[in-house]
Amino acid sequence: MKKIGAVIVDDSPIERQAMRAQISRHPSLALVGEADTLEAGLEVVRRECPQVLFLDICLGSATGFELLHLLEQPPRVVFVTSSPNHGPEAFAVDAVDYLVKPVAPPRFEVTARRLENLFFPGSAPQSPYRREDRICLRSGAQTHLVLVSRLVLLAAEGNFTRVTCADGLSLLIGGSLGELEALLPHPPFARLDRSLLINLERVERAERLARNFSRLWLRGLSAPLELGRTATERLREIFHETGMISG
């Protein structure tokens, strides 16, 4: 199997050791170097020309972003950091992923699959996010990192998708509903019809008003959803399959 050359840049020996262990578990990844400072990181990246850089954001008095800006042709980057607050900056430089320490093996598995999909297209199915992951949602010029568990519903709007979050945030995202659906775990997410995907963990109650019409209350929404025939029937099937009880 082809290998994806990787370099680790992190000022903590313990964190570098942890990342070495994660990389060693994946046959598609090959560690070709590591460094603990910005200067050493520049040297090893220029020497080894890795395909991916596992990069800490805080490097003593410097930052991982500074390192990237000093590279003429930076490799693809996966940020590995103790802080969840630099997500928008990370994805502004087109990061492949953003890992918050300590990184659990199942979470690193998602990263490894994304790298395989990136460098070896078609060789592996795309792994979905887990409910405890943060998904990157880009709306216009803004980037939002949102916990998957806080997504309430996704609705198709032409070639875009409207994503509604538990705090009332509503984002119009480029890309089809099907593309986003492939990234989300099933369950708890379920497609009700061609244009609507909901988080079943957010369901409070449902009310069937007629044979082909119902209302659905989701925790995090101020008003119920109005469902047509297809969505109503699919919701009934889900209740039957999962044992959920409607109101």
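## Leu184 and the model

At 2% relative accessibility, Leu184 counts as buried (buried means under 20% relative accessible area, exposed over 50%, and partly exposed in between, with a 1.4 Å probe and protein chains only). Leu184 sits in the loop between helix 6 (177-181) and strand 13 (189-193); helices (H or I, at least four residues) and strands (E, at least two) are DSSP runs, numbered from the N terminus. From Leu184 to Asp11 the separation is 173 residues in sequence and 33 Å in space, C-alpha to C-alpha.

This is a predicted model, in which local features need pLDDT of at least 70 and side-chain atom pairs count only at pLDDT 80 or more, while totals for chains, interfaces and linings use all residues. Residues are numbered from 1 along each chain as its sequence is written, and side-chain values use heavy atoms, with hydrogens and water left out.

## Salt bridges

Side chains of opposite charge can pair when their charged atoms come close. A salt bridge here is a side-chain nitrogen of Lys or Arg within 4 Å of a carboxyl oxygen of Asp or Glu, and by this rule the count is 20. One of them joins Lys101 to Asp10, at 2.8 Å from N to O. Lys101 belongs to the loop between strand 7 (97-100) and helix 5 (105-119), and Asp10 to the loop between strand 1 (4-9) and helix 1 (13-24), so this pair ties together parts that are 91 residues apart in sequence. Lys101 is buried, at 13% relative accessible area, and Asp10 is buried too, at 4%.

Another salt bridge pairs Glu43 with Arg47, with 3.8 Å between the closest N and O atoms. Both residues lie in helix 2 (residues 38-48), 4 residues apart, or about one turn of the helix. Glu43 is exposed, with a relative accessible area of 52%. In the salt bridge between Asp94 and Arg76, the closest N and O atoms are 3.4 Å apart. Asp94 is in the loop between helix 4 (87-92) and strand 7, whereas Arg76 is in strand 6 (residues 76-81), so the pair ties together parts 18 residues apart in sequence. Asp94 is partly exposed at 41% relative accessibility, as is Arg76 at 28%. A network of salt bridges links Asp97, Arg107, Arg114 and Asp133.

## The second largest pocket

The second largest pocket has a volume of about 200 Å³. On a 1 Å grid over the protein atoms alone, a pocket is an open set of points where a 1.4 Å probe fits, with protein on both sides within 12 Å along at least five of seven lines, and lining residues have an atom within 4 Å of a point. Grid points are joined across faces, edges and corners, and the volume is the space filled by probe spheres set on the points.

Strand 7 gives the largest share of this lining, 3 residues, and strand 7 and helix 5 each supply at least two. Among the lining residues are Tyr98, Leu99, Val100, Arg107 and Asp133. Arg107 and Asp133 also belong to the salt-bridge network.

## Thr164

Thr164 is part of strand 11 (residues 160-165) and is buried, with a relative accessible area of 13%. Leaving out residues up to four places away in sequence, Thr164 touches Arg150, Leu151, Val152, Leu153, Leu169, Ser170 and Leu221; contact means heavy atoms within 4.5 Å.
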